[in-house]
Amino acid sequence: MSVAATTSPAIGTLYVSPSPRSRGMPRVTMALRSVVSVGSILTKLQQDCATPLLVIRHVADSMTADMRAGLAVDGGSNLKMILSYVDSLPSGNEKGLFYALDLGGTNFRALRVQLGGKEERVVATEFEQLSIPQELMFGTSEELFDFIASTLAGFAEKESKKFHLPHGRQREIGFTFSFPVKQTSIDSGILMKWTKGFAVSGTAGRDVVACLNEAMERQGLDMRVSALVNDTVGTLAGARYRDDDVMVAVILGTGTNACYVERTDCIPKLQGPKSSSGRTIINTEWGAFSDGIPLTVFDRDMDAASINPGEQIFEKTISGMYLGEIARRALVTMAGEGSLFGRAVPNKLSTPFALRTPDICAMQQDNSDDLQAVGSILHNVAGVESSLSARKIVLEVCDAFVKRGGRLAGAGIVGILQKMEEDSKGTIFNKRTVVAMDGGLYEHYPQYRSYLQDAVTELLGPEISKNIVIEHSKDGSGIGAALLAATNSKYDHDF
């Protein structure tokens with residue numbers, strides 16, 4: 001009969017079996033080596049990615065400093081601090097029919113909205129989402145934009161009687177274009193390079209708005225782009241339409257970014273005439289931030305194997321694209337060095353990005369005694385049969401990385417708010433200030449949301465943090481782009 005000695009979940013289970021000395025000792029030794037290895041790997045991992053108050057305070061302060069450096073001169077810091085040329089935000093008085101087009105990856109979405117002013121607000125909306133055919137992702141610029149324009153023309157033809165345009169006006173579009181662009185005005189921007197699997201020829205170095213406008217002309221489509229916006233900027237505009245206290249927008253999904261309302265007199269690199277409103281939205285591109293971020297060996301290995309080593313470190317520690325992969329790398333090491341799932345490392349677990357962030361999220365929602373859902377996901381994803389103690393260790397690994405991600409994101413938000421507070425002399429922390437959040441990671445991962453909020457509260461203290469409202473703004477960027485088309489309309493504003 002065996003005697004099972006169970007240690008803490010972080011260490012695992014040690015089985016001692018009464019067998020002949022020549023065979024028994026190696027079995028116990030092997031088990032001990034396994035136990036020590038898994039436990040020590042977990043402990044080191046937790047220490048290396050810990051985010052106590054001192055660490056997140058440093059991250060917040062560094063974010064503030066990098067923002068200032070990026071606003072002083074282009075290339076002044078890792079943060080690009082891109083001018084959006086969005087100088088007037090939706091007021092709620094906007095009226096009329098406006099379109100939005102969102103090209104952010106392999107899907108694109110067309111949307112129309114009828115705005116009814118303060119009383120009626122959004123009267124009606126309709127949208128259509130389509131996939132970009134694979135061959136167009138590697139085709140010519142003209143082919144891609146002709147496809148987009150023809151699809152938009154088909155969508156416009158279906159405009160129902162709920163929507164009406166004053167006589168003699170063109171339909172105006174807010175164009176959300178989530179690829180690297182050097183914006184030159186509210187309705188123009190030069191494509192720096194394609195990303196996200198696109199390799200379209202003839203567009204880099206060209207104005208993407210001109211490309212779309214020309215394609216619409218070829219299709220005989222009487223529409224024009226009146227606002228080119230980043231998806232984060234669109235989120236801020238959409239949220240601001242519903243709530244005048246929105247000052248910051250953050251996207252936490254597959255990728256991440258943040259933007260905020262800045263005073264134009266706080267932007268040294270802004271040359272020429274300032275906006276009449278005295279403010280503009282700054283797109284931080286905060287995924288490139290890197291100062292003071294606690295990293296594990298698993299982060300470094302993943303970064304080294306990525307297509308952009310040494311870049312986007314903040315994004316690689318806080319966004320949905322990477323959380324599952326970092327956890328997978330840790331589990332592979334535990335399986336190999338500590339026999340977490342038996343003697344062999346499962347082949348499926350060794351596949352990069354096999355474990356996705358939705359998987360670790362689903363596992364963390366398992367509150368059952370036997371962690372059956374955790375076991376099921378591990379079996380389906382990694383092809384392993386796991387013991388209860390192994391499942392508990394898996395959850396600790398996931399939690400360590402998710403806790404770090406959420407707390408670092410919270411510290412980044414505080415860094416932005418601190419910068420605004422310092423320049424506005426008390427008008428951010430002493431009143432209700434809203435941070436609009438969008439993205440699937442924030443929306444669907446309750447532990448992540450909780451860790452983010454905890455970090456904000458710790459950094460600001462209980463009194464000030466009561467004034468900082470962090471709220472979800474689902475799919476705000478589409479409506480936001482249409483609203484920015486309205487506020488930047490070429491026609492006289494009768495609202």
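**A guided tour of the predicted model**

Begin by selecting Glu-463, which counts as exposed at 55% relative accessibility. This is a predicted model. Lys-466 is exposed because its relative accessible area, 59%, is over 50%.

**The open sheet**

Next, display the five strands that form an open sheet in the order E6-E5-E4-E7-E10, with mixed pairing. At its edges are strand E6 (122-131) and strand E10 (223-229), each of which pairs on one side only. On average, neighbouring strands of this sheet are turned by 20 degrees against each other, direction ignored.

Within the sheet, select strand E4 (residues 95-103) and strand E7 (residues 171-177), which pair in the parallel sense over six bridges. Which residue in E7 is the bridge partner of Leu-101? It is Phe-175. Then bring in helix H5 (residues 208-218), which lies across E4, E7 and E10 and runs at about 160 degrees to E10.

**A hairpin**

Move on to strand E8 (residues 181-185) and strand E9 (residues 188-191), an antiparallel pair with four bridges. E8 and E9 form a hairpin, with two residues between them. Opposite Lys-182 stands Ile-190 in E9.

**Salt bridges**

The count of salt bridges comes to 24. One of them joins the side chains of Lys-162 and Glu-126 (3.9 Å, N to O). Lys-162 lies in the loop between helix H4 (141-157) and E7, and Glu-126 in strand E6, so this pair ties together parts that are 36 residues apart in sequence. Lys-162 is partly exposed, with a relative accessible area of 48%, whereas Glu-126 is buried, with a value of 18%.

Now select Asp-303 and Lys-316, whose side chains meet in a salt bridge (2.6 Å, N to O). Asp-303 belongs to helix H7 (residues 297-305) and Lys-316 to helix H8 (residues 313-318), so the pair ties together parts 13 residues apart in sequence. Are these residues buried or exposed? Asp-303 is buried, with a relative accessible area of 14%, and Lys-316 counts as buried at 3%.

For a network of salt bridges, select Arg-68, Glu-262, Lys-419, Glu-422 and Asp-423, which are linked in this way.

**Last stop: helix H12**

Finally, select Ser-389 in helix H12 (residues 388-424). Ser-389 is buried, with a relative accessible area of 15%. Its side chain makes a polar contact with the side chain of Ser-387 (3.1 Å).

Note on methods:
Residues numbered from 1 in each chain as written. Predicted model: local features only at pLDDT ≥ 70, side-chain atom pairs only at ≥ 80, totals over all residues. Heavy atoms only, no water. Pairing = 2+ DSSP bridges. Axes fitted to C-alpha atoms, helices over the stretch in contact; angles between N-to-C directions. Contact = heavy atoms within 4.5 Å. Buried < 20%, exposed > 50% of the residue type's maximum accessible area, 1.4 Å probe, protein only. Polar contact = N/O pair within 3.5 Å; in protein donor to acceptor, adjacent residues only side chain to side chain. Salt bridge = Lys/Arg side-chain N within 4 Å of Asp/Glu carboxyl O.
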